[in-house]
Amino acid sequence: AYSLVFNRDVYEEAVNKGEIDEDNGVDDAFDVLHELNETITSGKWVGDVFICTTSTNRLNYFVGGKTYNLAHLTKEMYMLGYLVRDNKVYLADREIHTYGYNVSLELLEFQTLTLRGELEEAMNTILPNVESKDTLSKIASFLEGQELYEEALKTSPDTDQKFDLALKVGQLTLAYEILGEEESELRWRSLGDASLQKYNFKLASEAYMKAHDLESLFLLHSSFNNTEGLL
């Protein structure tokens, strides 16, 4: 499936020139924005968000060039629509049984405003009203997908995601505080590597110590001729 944008000026120019193909209309009036690598069985636009079902029985939504999963369906279903009143998208199977799945209105509004270039308004007016940690996590993942890492860091309630984002934006002290007493050698080593890239040798040494990374510590202390550290 493809996400297209319609250029009305090109269409009207073709109409004025009488260049409309009876079978295909005006091909040049459409440009491909994104390609979805799945077969879409039904869908509906809610603002700038496309909610759809797929041939693999998934309920997804597509926004900003990325696809996010809402639910794995147990059988083939089709979209009926989205009700803002209920914060739900409704589907039906072939026997016309109906099913409802929660879709946060705040999430859809936030994504729509962001994609329209109104990120500041989305952060100031919608985000303060979001109480669900699940919705906050989805907003943070969306922001990260749009490479808005600092905004994602401010939004995310998930410590693992916050740590990864803190490394991406170079907030090493925050990353250190997030790890706290965690004993994950892999994460401490990641912090050590990031600290070396920022020439923060003191933090790198402490991180490698907590990671029990003796090889990196040996290299670091050798470079500074730190006899005490080597011992």
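**A strand pair, a helix pair and a histidine**

Mentor: α2 passes α3 in a right-handed crossing. Keep in mind that this is a predicted model.

Trainee: At what angle do α2 and α3 pack?
Mentor: About 155°, with the axes 7 Å apart. Angles over 145 degrees count as roughly antiparallel, so α2 is roughly antiparallel to α3.

Trainee: Which residues in α2 meet α3?
Mentor: Glu106, Glu109, Phe110, Leu113 and Thr114. On the α3 side they meet Leu119, Glu121, Ala122, Met123 and Ile126.

Trainee: How do the residues of that contact divide?
Mentor: Six are nonpolar, one is polar and three are charged.

Trainee: Switching to strands. In which sense do β7 and β8 pair, parallel or antiparallel?
Mentor: Antiparallel, over five bridges. β7 is residues 78-83 and β8 is residues 88-92. Gly81 stands opposite Tyr90 in β8.

Trainee: What lies between β7 and β8?
Mentor: Four residues; the two strands form a hairpin. In the turn, Asn87 has a positive phi of about 55°.

Trainee: New topic: His221. Buried or exposed?
Mentor: Buried. The cut-off is under 20% relative accessible area, and His221 is at 10%, so it counts as buried. His221 is found in helix α10, residues 214-223.

Trainee: What is His221 in contact with, leaving aside neighbours within four places in sequence?
Mentor: Ser205, Asn226, Gly229 and Leu230.

Notes:
Residues are numbered from 1 along each chain as its sequence is written. This is a predicted model: local features need pLDDT of at least 70, side-chain atom pairs count only at pLDDT 80 or more; totals for chains, interfaces and linings use all residues. Side-chain values use heavy atoms; hydrogens and water are left out. Two strands pair if DSSP finds at least two bridges between them. Axes are lines fitted to C-alpha atoms, for helices over the stretch in contact, and angles run from 0 to 180 degrees between N-to-C directions. Angles under 35 degrees count as roughly parallel, over 145 as roughly antiparallel, 65 to 115 as roughly perpendicular and the rest as oblique. A crossing is left-handed if the near helix is turned anticlockwise from the far one by less than a right angle, and right-handed if clockwise. Contact means heavy atoms within 4.5 Å. Ala, Val, Leu, Ile, Met, Phe, Trp, Tyr, Cys and Pro count as nonpolar, Asp, Glu, Lys and Arg as charged, and the others, Gly among them, as polar. Buried means under 20% relative accessible area, exposed over 50%, partly exposed in between (1.4 Å probe, protein chains only).
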